[in-house]
Structure formats: structure tokens, C-alpha cells
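Dear colleague,

I am handing over the structure that we discussed, with the sequence alongside.

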Amino acid sequence: RFTKKNKAHINNLISKLLNDQKLAMLSTQSNGQPYASLVAIACSNDLRFLYFVTPRTTRKFNNIKKDGRIALLITSSTNRESDFHESMAVTVVGSAEEISGLEKEAAMSLYIAKHPYLEDFVRSPTCALVKVQARSYILVSNFQQVTELHI
């Protein structure tokens with residue numbers, strides 16, 4: 001069990017990683033076949049939601065429409081030997097769906113604040129703004145230290 005201090009520390013580590021990193025590896029599946037893709041992410045302050053944008057014609061979007069269960073991997077890795085002891089990785093497990101209306105407008109503002117260079121892409125009528133509702137975060141640090149935080 002977490003103490004309040006431990007939980008706050010873990011929340012801070014996860015928040016920092018999600019705010020520092022711009023990209024995540026998204027994992028979807030269709031008919032039992034996993035599919036991975038790179039997406040630009042933004043996260044709500046309370047860690048409950050993450051957002052990404054994708055054209056509606058992509059395999060990842062079609063997979064999400066069929067089965068919204070997803071995982072995201074966010075890492076601080078720099079592809080150096082030191083990563084084995086210094087980098088962190090977070091796996092976010094949750095469900096994804098396209099959002100619209102007022103919810104989309106608020107999420108779009110958050111997303112564009114983090115990725116202003118993607119504004120035209122985000123606002124394209126052919127693209128979907130996808131919300132991931134996080135169920136849990138699995139933090140791996142110091143090479144093999146695993147901590148799981150349920151939302």
C-alpha cells in the first residue's frame with residue numbers, strides 16, 4: 001500500500017514524465033493481432049486523461065473503434081547505456097474513444113498548448129481527437145523497480 005507521501009511522489013514522477021515527453025507508443029489490437037504506433041500526447045493535470053490526434057483513416061483509429069482497450073508507453077530513454085539505471089518508463093492502461101463538442105474544445109486547448117506546431121493537424125476535419133481514460137499507470141524506474149498506480 002502507498003502512504004500519502006509515496007503516492008504524491010509517484011504522481012509527481014508520472015506527471016513530470018508525461019509533461020516532459022511529447023511522444024508515446026500506442027498499442028491497439030484487432031482480431032488478436034497487436035499494433036503499435038507513435039502518437040503525440042498531452043495529459044490532464046489529474047492524470048485521469050491523455051489525448052492524441054489521428055486521422056480517422058488510420059489502422060490505430062479503426063482498431064480503437066472496434067476495441068477501445070489500449071496501452072501507451074512513455075519513456076525518458078535517450079538510447080544510451082545509462083538508460084538502464086536512469087530512465088523511467090510508464091505504461092498507461094486504459095480505454096480510448098473519439099471525443100467531440102465542449103469536451104473536445106477543452107482537450108484541444110490542452111493539446112495545442114503542448115503541441116502548437118500540430119494545430120492545423122488537430123483542427124483538420126479528417127482527424128479525430130482521442131481521449132484515453134487511464135485506469136492504471138505502471139512506472140518502471142531504476143531498471144527493474146515497478147510501481148503500479150490505479151486511477
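The model is a predicted one, in which local features need pLDDT of at least 70 and side-chain atom pairs count only at pLDDT 80 or more, whereas totals for chains, interfaces and linings use all residues. Residues are numbered from 1 along each chain as its sequence is written, and side-chain values rest on heavy atoms, with hydrogens and water left out.

Let me begin with the interior. A nonpolar core is here a set of buried Ala, Val, Leu, Ile, Met, Phe, Trp, Tyr and Cys residues joined through side-chain atoms within 4.5 Å; buried stands for under 20% relative accessible area, exposed for over 50%, and partly exposed for what lies in between, with a 1.4 Å probe and protein chains only. The largest such core holds 28 residues, and those with the most contacts inside it are I14, L18, L50, L72, I74, V92 and Y137. At least two of its residues come from each of α1 (4–20), β1 (23–30), β4 (49–55), α2 (59–66), β5 (69–75), β6 (89–98) and β7 (127–141), and β7 gives the most, with six residues. These helices (H or I, at least four residues) and strands (E, at least two) are DSSP runs, numbered from the N terminus.

Strand β1 deserves a look of its own. Two strands are taken to pair if DSSP finds at least two bridges between them. By this rule β1 runs antiparallel to strand β2 (residues 33–40), to which eight bridges join it, and A24 stands opposite V39 in β2. The hairpin of β1 and β2 has two residues between the strands, and N31 takes a positive phi near 50 degrees there. β1 also pairs with β5 in the antiparallel sense, over three bridges, and the bridge partner of L26 in β5 is L72.

On the surface, L23, M25, L38 and L73 form a nonpolar patch with about 350 Å² of accessible area together. Such patches are made of residues with over 30% relative accessible area and no salt bridge, like charges being joined within 9 Å and nonpolar side chains (Val, Leu, Ile, Met, Phe, Trp, Tyr) within 5 Å, and the areas come from the Shrake-Rupley method with a 1.4 Å probe, only the protein chains shown counting as cover for residues. M25, which is found in strand β1, is partly exposed, with a relative accessible area of 36%.

Now to the charged side chains. A salt bridge is a side-chain nitrogen of Lys or Arg within 4 Å of a carboxyl oxygen of Asp or Glu, and a search of the whole structure finds six. K16 forms one with D20, the closest N and O atoms being 2.6 Å apart; because the two residues are four apart in helix α1, about one helical turn separates K16 and D20. K16 counts as exposed at 53% relative accessibility, whereas D20 is partly exposed at 45%.

A second example is K131 with E97, whose side chains meet at 3.8 Å, N to O. K131 lies in strand β7 and E97 in strand β6, so the pair ties together parts that are 34 residues apart in sequence. K131 counts as buried at 8% relative accessibility, while E97 counts as partly exposed at 43%. E97, E103 and K131 are linked in a network of salt bridges.

Lastly, R123 forms a salt bridge with E119, the closest N and O atoms being 3.0 Å apart, and both lie in helix α5 (residues 119–123), four residues apart, about one turn of the helix. R123 is partly exposed at 47%, and E119 is partly exposed at 31%.

With best regards
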